[in-house]
Amino acid sequence: MSFLQGWMRRGLQTVEGWLDGLFGPQWNPLYQLGALGFFYFWVVAISGIYLYIFFDTGTTAAYESIDYLTREQWYLGGVMRSLHRYASDGMVLMMVVHMLREFALGRYRGPRWFTRVTGVPELVLVFIAGISGYWLVWDQLAQYIAIASTEWLDWLGIFGEPIARNFLTPASLDDRFFTLMTFIHVVVPLLLLLVLWIHLQRVTKPQINPKRGLAAGTFVMLLALSFVKPAVSHGPADLSTVPSVLQLDWYYLVAYPLMDIFSEGAVWVFLGVLGLMLVMLPWLPPLRRTDEAAAVVDLANCNGCERCANDCPYNAIQMRPRSDGLPFEQEAVVDAALCVACGICAGACPTSTPFRRATALVPGIDLPQRSLRALRERIEAIARPLSGRRRVLVFGCDPAVAVEQLRRAEVAAVSLPCTAALPPSFIDYVLSRDLADGVVITGCRDGECYNRLGIEWMAARLAGSRDPSLRRRVPRERLSVCWAGSGDRSRLERMIEDFQGVVANLPAPEKPISGPPSGPPRGPEAGRQGEKIDA
Ligand code: HEM
Ligand code: SF4
Ligand code: SF4
């Protein structure tokens with residue numbers, strides 16, 4: 001499985017690289033697949049409402065009403081029909097790529113199982129909605145789908161009477177069938193919306209709208225396709241004949257030829273096994289590492305500032321009324337079942353400053369197995385032996401390039417569960433204590449952060465637009481940021497080498513700066529009262 005994931009990830013990153021070059025990271029569709037899915041959904045919904053106004057239910061009326069829109073009202077009704085079709089296809093494409101991408105990036109294990117598993121009914125609902133849409137047109141393709149689908153369902157033997165019988169002769173079909181199909185075609189997308197809402201319950205600030213440029217570009221593309229290749233019907237359905245040449249929509253109808261080639265039973269087994277595997281995936285090997293224990297709050301160091309709750313990408317932290325008598329209104333509480341142990345909360349906590357004395361470096365929130373105190377010790381241990389004027393300390397993250405394996409003279413590296421688990425004050429600490437001449441921050445590729453918001457939060461903290469921000473006194477020329485995926489190792493190595501050249505040529509700092517100039521953090525910066533800060 002790991003081999004398959006690694007192989008898929010490399011392929012994905014190659015394509016992402018091409019699309020980055022073509023559209024730029026901001027508009028790269030692969031970085032906004034879920035948001036694009038929502039966008040397609042809304043296009044389908046709006047165009048569907050328009051079609052519904054003109055749609056007549058009935059064995060002949062259905063075909064005629066759609067045909068009227070396609071031919072007589074091609075400039076609006078026809079375009080709406082094409083938009084409806086192509087946006088629905090777009091949804092399937094987006095969903096499948098989104099699912100494969102989340103798999104390749106390994107974003108489905110541990111507490112993330114919930115988002116993964118709730119994606120599976122979405123797949124089913126999208127297919128039911130799409131297939132029922134094809135029935136409504138009641139052309140020869142609809143006839144083929146109706147017969148094949150009912151025979152497929154009849155294979156289960158759960159209906160008293162075989163339902164395929166309804167399509168034996170024109171007389172056996174009545175208008176109620178269209179009313180039923182219309183009902184399914186309207187209700188299923190509403191159900192889908194509900195499941196989508198559930199799908200996003202465990203992610204904070206989900207991106208449900210694509211960037212404006214990407215949305216506009218996607219819409220123009222759909223519109224252009226609608227004019228160049230409008231969606232049209234086959235000939236009207238005729239139950240006294242067997243439809244011959246059919247243009248299948250491969251997005252929705254891919255399983256139908258399989259029923260002809262194999263059998264209805266074989267397709268049931270295939271889809272059943274596939275569905276089971278999709279659901280079971282989060283629990284299949286390789287399993288979650290055992291050292292990923294949930295974050296723990298130390299109330300004595302928590303002032304209830306809410307930063308951890310605001311930065312947690314998985315809704316794992318709630319703010320509750322204070323329970324320990326300290327003079328703060330609230331306290332952070334971690335739901336261990338939701339925590340993926342990314343450490344972003346520890347990176348956000350104002351008490352996570354390495355300038356605190358060794359005994360006191362207990363932040364308000366921390367990862368028990370990868371504490372900030374241990375991080376500070378590790379930094380000291382690996383950076384102290386460096387010598388020369390090209391000493392660089394690299395902070396990376398586990399899912400991206402394995403930075404600790406970077407072998408280069410005068411370079412030390414430490415990997416964190418997520419880059420944003422690094423409080424910016426650690427950068428200040430490394431440079432002001434002269435532990436290195438420069439600091440490199442790296443992590444996943446921009447747009448594919450394993451922990452969803454890690455890169456965004458870290459970039460904002462470094463830019464000073466999000467707390468805790470990097471102090472102004474930190475010499476920015478001694479800091480370099482390179483977002484690089486696991487396949488970008490050589491790019492990162494080249495960048496580090498270039499950066500070493502830059503720092504070697506910088507004038508030496510007058511003297512190592514010691515301790516924060518403005519004293520212990522105050523206000524929301526304050527941790528435990530009376531805490532000692534190293535000078
Ligand atoms: C109409 C279909 C779907 C839509 C609109 C959709 C939408 C989304 C959105 C907006 C996110 C959050 C992205 C972010 O901001 O980080 C997301 C995450 C995710 N989705 Fe979907 N999704 C769909 C189908 C699926 C399917 C079919 C699966 C898999 C079976 C799936 C699995 C996931 C996973 C694993 C995540 C990542 C959760 C995490 O990072 O912890 N989704 N989806
Ligand atoms: S002090 Fe730290 S643990 Fe407490 S709410 Fe603020 S960020 Fe969270
Ligand atoms: S480590 Fe912190 S930020 Fe990450 S999921 Fe757990 S509580 Fe949320």
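R491 is partly exposed at 35% relative accessibility, a class that lies between buried (under 20% relative accessible area) and exposed (over 50%), taken with a 1.4 Å probe on protein chains only. The term means a side-chain nitrogen of Lys or Arg within 4 Å of a carboxyl oxygen of Asp or Glu. Salt bridges with shared partners join R491 and D488 to E16, R101, R445 and E448 in one network.

This is a predicted model: local features need pLDDT of at least 70, side-chain atom pairs count only at pLDDT 80 or more, and totals for chains, interfaces and linings use all residues. Side-chain values use heavy atoms, without hydrogens or water, residues are numbered from 1 along each chain as its sequence is written, and chains are lettered from A and ligands numbered from 1 in the order in which they are written.

Now turn to E102 and R107. Their side chains form a salt bridge at 2.9 Å, N to O. E102 is buried, with a relative accessible area of 17%. R107 is buried too, at 13%.

D67 and R71 sit in helix α3, residues 61-71. Helices are DSSP runs (H or I, at least four residues), numbered from the N terminus. The two residues are 4 apart, about one turn of the helix. Their closest N and O atoms are 3.2 Å apart, in a salt bridge. R71 is exposed at 57% relative accessibility.

In total, the structure holds 20 salt bridges.
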